[in-house]
Amino acid sequence: MAPIILVILILAIFPRNHREAIHDTYTNYFPPKSSHSTAAAASGTAVTDFAHHFKTPDDFKPHFFQVAKLSPLDVQDAKRTCYWTDEDYRKQQFQWGPDQDWFANQSTLAETEARRQEWHEFVANDLVPWESVKSKHKGRGIVTLAGHGDTIPRVAILMRQLVRLGSKLPVEIHFWEDEMNEESKAFLNAIYPRIRYNDLSASDNFWKTHGPTERNYGHYHFKTAAVVDTLFSEFLLLDSDNIPLTLPEDLFEAPTYKEYGTVFWPDIARTRHQNPIWAITRTFCNPAEYEQESGQMLVNKAKFFYHLQLAAWFNEQDYYKHLLLGDKDMFRFAWHALKTPYGKPSKWLTSGGTSHDGNYCGHTFIQAHPDNGEMAFLHRGYFKGMKAPALKWFRERGGVFQKFKQSKYPEDFAFPQESVWGGTGIEGVEGGWHCMGLEGVDEQPMDDLIPGINELFEELGGYWMVDEEEKEKQGK
């Protein structure tokens, strides 16, 4: 009892901005709450803390029945476990906010319960049965999406890296209608021949979705559709702008994945405590939790087929576009809704990017291996905005991967690491791009973290945009 009392006294006496000094003696000072255990106790229901140990999708059905019986949770109660201050909101990144109606006007219990009932009805009545599609699935593989915009050359970089790593995993590339033509397929097949292509508009897909222009939602909903439609029993989802640094086959053997059947990697932003999604999924706000960064994701589909369908369902509802950004957190909150723990890496993300004229610009999320903490992925989330002139400028000065920044306490997901989001550019060079960064920590040479990263990026054809522009000029 004494250690608990001591911790309570520390939290009461020291303001949050003074607690960093005692971090070494008290880490994770915002402990995550077990929302389903608390709810189960209050409701008298049998909701297990170990749902991730169920073996098949149908093993979850009695669990889903118990989840549906959980007592209501209103926004006021859901948010009380996250005691962020105005200073926290100023220094850290939080998704959505003052421009949303739910921020100014707290959602009522009637509103959140009506939404909760909607997804419960979907789970109870409209799931595609696993037994009806089970025989079509087999093995492990990599799922990605491509076809629109610059995704083809980006996927080519990914395919070259798979070859370089020695991966033998098959790959599925999902696209919409004529976004992927035969020329693009031949180009990619010449790099990595083990590719299956799936048109998400085809009638034989398990999940029926809509085109990119039908609801002014772009391609955000395609990722959730792709993972429902994949024919792999287990998959590693990779965005087209992701470069794995470790052999993908090995990730399926990681202890965290073996335990949970999932690994969800963290983003730089958190979910506001006022967001009604906490109450809708009957989940207490967790101050040690970041939003999900789904540029990479490991899932055992042969276990979580129904969870993936709920994520896809969330992503098809216009309402959730104002609560969660795109595809990524549809997964996290589908698992929360169904009271199923998910795996996460041992370290928070590292910011990687450029530094010029005293300005650090993080353009890449560097994600860690689920267990050993080594850098496993380069997800170039903000890199996409950088145009050829800027790429050429950095290429001529050693490369686009110059510096990195890492939290002082990367293993403590509750630590209020100050972060920023903005934009930058180079004087006299056309175009600007978005950046993310961490404040209060020093930038360090990228080669200290990932030796030879700029040579690797060059080898993989990372400057294709510059090369194409040069070819056009020579042609003229």
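**Spaces and a helix pair**

The largest pocket has a lining of 36 residues, and Y220, D239, H379, G381 and K384 are the ones nearest its centre. This is a predicted model, in which local features need pLDDT of at least 70 and side-chain atom pairs count only at pLDDT 80 or more, while totals for chains, interfaces and linings use all residues. Residues are numbered from 1 along each chain as its sequence is written, and side-chain values use heavy atoms, with hydrogens and water left out.

On a 1 Å grid over the protein atoms alone, a pocket is an open set of points with protein on both sides within 12 Å along at least five of seven lines; a cavity is a set where a 1.4 Å probe fits but cannot get out; lining residues have an atom within 4 Å of a point. The volume of the largest pocket is about 1,100 Å³.

The structure also holds two cavities of 30 Å³ or more. The largest cavity, of about 130 Å³, has R154, K384 and W464 among its lining residues. The second largest cavity has a volume of about 40 Å³, and its lining includes H148, H174 and H219.

Helix α9 (residues 151–165) and helix α10 (residues 182–191) have axes that come within 9 Å and cross at roughly 20°. That makes α9 roughly parallel to α10, a label for angles under 35 degrees. Helices here are DSSP runs (H or I, at least four residues), and axes are lines fitted to C-alpha atoms, with angles from 0 to 180 degrees between N-to-C directions. In contact (heavy atoms within 4.5 Å), α9 residues including I152 and V163 meet α10 residues including F187 and I191.

Technical notes
Helix = DSSP H or I, 4+ residues; strand = E, 2+ residues; numbered from the N terminus. Parallel < 35°, antiparallel > 145°, perpendicular 65-115°, else oblique. Points joined across faces, edges and corners; volume = space filled by probe spheres on them.
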